[in-house]
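Okay, thanks for coming, everyone. Let me put the structure up, and then I'll walk you through a few spots in it.

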Amino acid sequence: MKSKKRLLPALMVFVVAFCCVLLAGCTRNPADIEILSGEIVCEVNDKDIQPDWSSVKAKVTFEDGTQETVNGEDLVFSHVDVSTVGQKTVQVGYKEGSFRKDIVVYVVESTTIKATVNAYNGTYDGASHLAVDVQGTLAGDTIMYKLEGNSTWVQTCPQLKDAGETTVMVKITREHCPDFEKTVTATVAKKSLTIKGKTYTKTY
């Protein structure tokens, strides 16, 4: 009976140690986190609205060499200062373990280019006119133009003089934003010429 009592504490120690080993084997500690979803961009605001982390995808590498692709819901992000425009450093971690890694978040004035492109529409007057008028761009935006049939984008807006229709493609680029593209048709209408004396009208 006494020998059984002496074995009981030793058995308990063994069980506890075995459970600890099992738990250690089940817990995977992250060793690296790689963002797969590209740049993380959010708009500047004074309401402390944080980026949409749910759209983030990342590859987590664990200390045991295994890897797992996870979504933003499985990651932990530190607070981002969204009150000013610029490049901000954020710490990201995985729900398991205390590992943290610095990543970059871009705070911009606008995450979309909200521009309008108006094509010229007038009557022939012998003068040259800009084919399009672009409004709604921000400082730092790049506006490029291309006529139908051309393969090269240029930063000089094409000008129209002769009567006819011209198809113009416009592209606006902004850092950390998707490109904006729109195609419009500019028109120079023919002008009617009236010669007095004999009633005679000619269109050219």
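Let's begin with W53, which is buried at a relative accessible area of 15%; buried here means under 20% relative accessible area, with a 1.4 Å probe and protein chains only. Before I go on, a word on the source: this is a predicted model, so local features need pLDDT of at least 70, side-chain atom pairs count only at pLDDT 80 or more, and totals for chains, interfaces and linings use all residues. Residues are numbered from 1 along each chain as its sequence is written, and side-chain values use heavy atoms, with hydrogens and water left out.

Now, aromatics. There are two aromatic pairs in the structure, where a pair means Phe, Tyr or Trp rings (for Trp, the six-membered one) with centres within 6.5 Å, called stacked if the planes are under 30 degrees apart, edge-to-face if over 60, and tilted for the rest. W53 and F77 are stacked, because their ring centres sit 3.9 Å apart with the planes at 5 degrees. That links distant parts of the chain: W53 is in the loop between β2 (40-43) and β3 (57-62), while F77 is in strand β5 (residues 75-77), 24 residues apart. Strands, by the way, are DSSP runs of E, at least two residues, numbered from the N terminus. F77 is buried too, at 16%.

The other pair is F62 with Y94: centres 5.6 Å apart, planes at 75 degrees, so edge-to-face. F62 lies in β3 and Y94 in β6 (residues 86-94), so this pair ties together parts 32 residues apart in sequence. F62 is buried at 2%, and Y94 is buried at 3%.

What about disulfides, how many are there? Zero, searching the whole structure for cysteine sulfur atoms within 2.5 Å. C42 is buried at 6%, and C157 is buried at 13%.

Last stop, strand β15 (residues 180-189). It pairs in the parallel sense with β9 (residues 121-123) over three bridges; pairing takes at least two DSSP bridges. T123 has A189 in β15 as its bridge partner. On to β14 (residues 164-173), which pairs with β15 in the antiparallel sense over nine bridges, with E165 opposite T187. β14 and β15 make a hairpin with six residues between them, and H176 in the turn has a positive phi of about 70 degrees. H176 also turns up in the lining of the largest pocket, along with others including R174 and E175.

Note on methods. Helix = DSSP H or I, 4+ residues; strand = E, 2+ residues; numbered from the N terminus. Buried < 20%, exposed > 50% of the residue type's maximum accessible area, 1.4 Å probe, protein only. 1 Å grid on protein atoms, 1.4 Å probe; cavity = no way out; pocket = protein on both sides within 12 Å on 5 of 7 lines; lining within 4 Å.
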